[in-house]
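Reader: Can you walk me through this one? I'd like the aromatics and then the strands.
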Amino acid sequence: MSTIATRPATGGARFVAYDRNVVRIGNPEDGSAISVRAETWVEEYATIRVAQYQEKSSGGFDTVYIQFDAASTGAPGMTHNFGASTEAGGAVAARLKHACDTQTPVYVAIETRRRKHVEGKKDQPIDVLTPIHTLRGAAGESLSGQPQATKANCAKVIVVVGGVEDLDDTAVASEKELRSDLTEWPLLRGNKLGDLPPEGWRCMVRDGKRTGGITQAPVNSASTDTAALATAVAEQLAAQFGTSANQPGRVASKPAGVRRAVAAEGKPWEPLNSDGRPNAGSDLAAKIRATHESAIYLLTGALEAAAEDELPEMTAEQSLDHVWKLTDILLWIGDKTQEHVVGRANRLDRSHKEAGMWVMQVINTRFPYSVEHIANEEACRKWAMEVLNAAKDDFMQTYQRMAKFLEVDLTTTTDAKGAAQVAASAAPQQLEQSTATEARPQSVDQGIAQREPGVAETRSQGAQQSRPQQQNLNQGRPQNAGEVAASVDAWKALAASVEMTEHIDQLRFILKATFGVPRGMLGEIEASAFNRQVAKWATNPAAFRQAAEQAFVADPENRQQKAS
């Protein structure tokens with residue numbers, strides 16, 4: 001362990017880290033078996049004194065309990081002493097004993113990690129996906145836990161101790177005792193809530209909400225280095241057709257208008273950084289890169305399938321330019337396919353990814369891209385429209401089957417039950433219907449997508465919706481029900497169907513019970529999960545009202561009010 005690299009500069013640090021060892025569980029997202037690293041809460045104190053050193057023995061297992069002098073940290077508000085344990089006979093215990101005897105301050109790191117089961121209740125195992133803050137009794141964005149909840153669900157263990165001045169004077173707990181990966185700590189000190197996992201890992205989602213724990217980020221085994229593949233395409237075409245001696249190669253230069261980053265990158269779902277620059281690490285950037293990769297495969301596949309006398313005369317640079325033009329065509333077809341089903345085209349929405357996958361499935365199974373489409377603009381326009389029409393039909397067929405399975409009537413209804421169903425089913429699109437007229441692509445060489453009013457409008461809408469000053473700055477992230485007008489309308493319609501409009505606040509208790517949120521507010525619930533549940537409740541308003549009454553009576557908040 002590099003003590004200099006892993007010590008906080010001053011004061012201390014509190015953050016969510018992750019167990020080194022993985023646990024195999026069922027994926028809450030699709031049921032498959034996956035490996036998960038559980039959350040661990042780490043607290044570092046750059047300088048603190050040991051107030052008490054006490055050796056304990058329980059069940060044949062020796063431990064050392066340490067009480068720390070909170071005021072010695074110098075941190076405002078830290079006045080109550082606190083304690084943690086460590087294994088007896090180890091280097092950490094010996095270093096703490098010396099600190100206690102000499103009353104010299106030390107650097108300390110403490111892990112708060114989950115127990116296997118609730119203390120004293122072996123029949124209540126603790127789920128590896130339960131967030132560590134939930135186990136600590138911390139609510140919302142508060143990092144302050146509750147002592148009783150922490151004691152019941154967690155164990156606090158001292159894992160690192162060292163000299164304040166001498167950074168080489170550091171003792172680390174044994175691998176058996178240490179849970180998290182010390183090498184990750186410098187990267188995780190900003191991970192206060194557990195939503196910033198280390199590189200190569202991702203958070204888990206269950207019922208539309210982030211859980212605790214992380215799993216490895218998906219890696220497509222069939223994926224390729226796009227830059228390397230593009231170079232290979234250029235070399236292949238140059239070898240086949242030759243490169244004009246009069247045509248200079250590309251010179252790497254800084255494009256006009258590009259400037260150095262002056263702010264940290266936004267989250268993956270944020271297309272813009274805080275300074276207004278495009279977020280090069282965003283989902284939108286990944287979408288364009290993936291589409292470019294698909295265009296490379298289509299072009300190389302068309303060339304490989306063509307006879308030698310059918311190959312077009314193209315330089316390496318022209319082949320790469322064509323790949324980008326084909327990328328624009330694929331994105332445009334995806335825009336129109338999404339708009340046909342959803343009602344608008346927005347590349348920041350997940351439905352655009354589904355539309356794009358339908359586009360590629362149509363190309364791979366029915367309308368392959370051929371060498372004819374490379375050389376003949378009219379043939380390319382005809383091919384693009386054939387792919388578009390087929391993809392729109394397939395995506396719409398999917399949407400209609402979803403509605404049938406969910407028992408959602410896609411036609412407009414006026415009764416309260418129907419209104420709740422329609423509003424809930426339409427909420428992910430926020431009921432934003434577009435009436436843009438489809439325009440045929442004009443020219444491959446000039447870029448089909450760039451000349452389509454619909455595409456330009458989409459880009460404008462996407463940029464406007466993602467400006468930091470706009471209301472929908474984080475449109476790419478999962479929205480909560482309180483942010484989606486259609487979700488709110490669906491909830492009001494459901495309340496009206498059970499004659500609870502004037503007492504709608506009393507219905508929040510069924511939301512608390514159903515979604516496990518602290519207050520039962522729409523802003524605490526992920527929108528898509530909320531919409532599905534409201535649509536289900538709307539099918540039987542009487543049963544919903546009965547369940548709501550039971551939730552109201554059973555909620556501790558109401559029992560306490562009644563007792564008082």
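Author: Below we take the aromatic rings, then the charges over rings, then the strands. Keep in mind that this is a predicted model.

Reader: How many aromatic pairs does the structure hold?
Author: The structure holds 10 aromatic pairs. One of them is Trp491 with Phe544, an edge-to-face pair. Their centres are 6.1 Å apart, with 80 degrees between the planes.

Reader: Where in the chain do Trp491 and Phe544 sit?
Author: Trp491 is in helix H14, residues 485-497. Phe544 is in helix H17, residues 541-554.

Reader: Which residues form the aromatic cluster?
Author: Trp491 and Phe544 belong to one cluster with Phe515, Phe530 and Trp537.

Reader: New topic, charges over rings. What sits over the ring of Trp201?
Author: The charged end of Arg37 does, 4.8 Å from the ring centre. Elsewhere, Lys56 lies over the face of Tyr65. There the distance to the ring centre is 4.7 Å.

Reader: On to strands. How many residues of S7 are buried?
Author: 9 of the 9 residues of S7, which spans residues 106-114. The strand is therefore largely enclosed by the rest of the structure.

Reader: Which residues are on each side of S7?
Author: One side has Val106, Val108, Ile110, Thr112 and Arg114. The other has Tyr107, Ala109, Glu111 and Arg113. Both faces are covered. As a rule, side chains in a regular strand alternate between the two faces of the sheet.

Reader: Which strand do 7 bridges join to S7?
Author: Strand S4, residues 39-58, and the two run antiparallel. Glu43 stands opposite Ile110 of S7. S7 also pairs with strand S8, residues 154-163. That pairing is antiparallel too, over 9 bridges. Within it, Val108 stands opposite Val161 of S8.

Reader: And S10 with S11, how many bridges there?
Author: 5 bridges, and the strands run antiparallel. S10 covers residues 201-206 and S11 covers residues 209-216. Arg202 stands opposite Thr215 in S11.

Reader: What about the hairpin of S10 and S11, which residue takes a positive phi?
Author: Asp207, with phi near 55 degrees. The hairpin has 2 residues between the strands.

How values were computed
Residues are numbered from 1 along each chain as its sequence is written. This is a predicted model: local features need pLDDT of at least 70, side-chain atom pairs count only at pLDDT 80 or more; totals for chains, interfaces and linings use all residues. Side-chain values use heavy atoms; hydrogens and water are left out. Rings of Phe, Tyr and Trp (its six-membered ring) pair if their centres lie within 6.5 Å; planes under 30 degrees apart count as stacked, over 60 as edge-to-face and the rest as tilted. Helices (H or I, at least four residues) and strands (E, at least two) are DSSP runs, numbered from the N terminus. A charge sits over a ring if NZ of Lys or CZ of Arg is within 6 Å of the ring centre and within 35 degrees of the ring normal. Buried means under 20% relative accessible area, exposed over 50%, partly exposed in between (1.4 Å probe, protein chains only). Two strands pair if DSSP finds at least two bridges between them.
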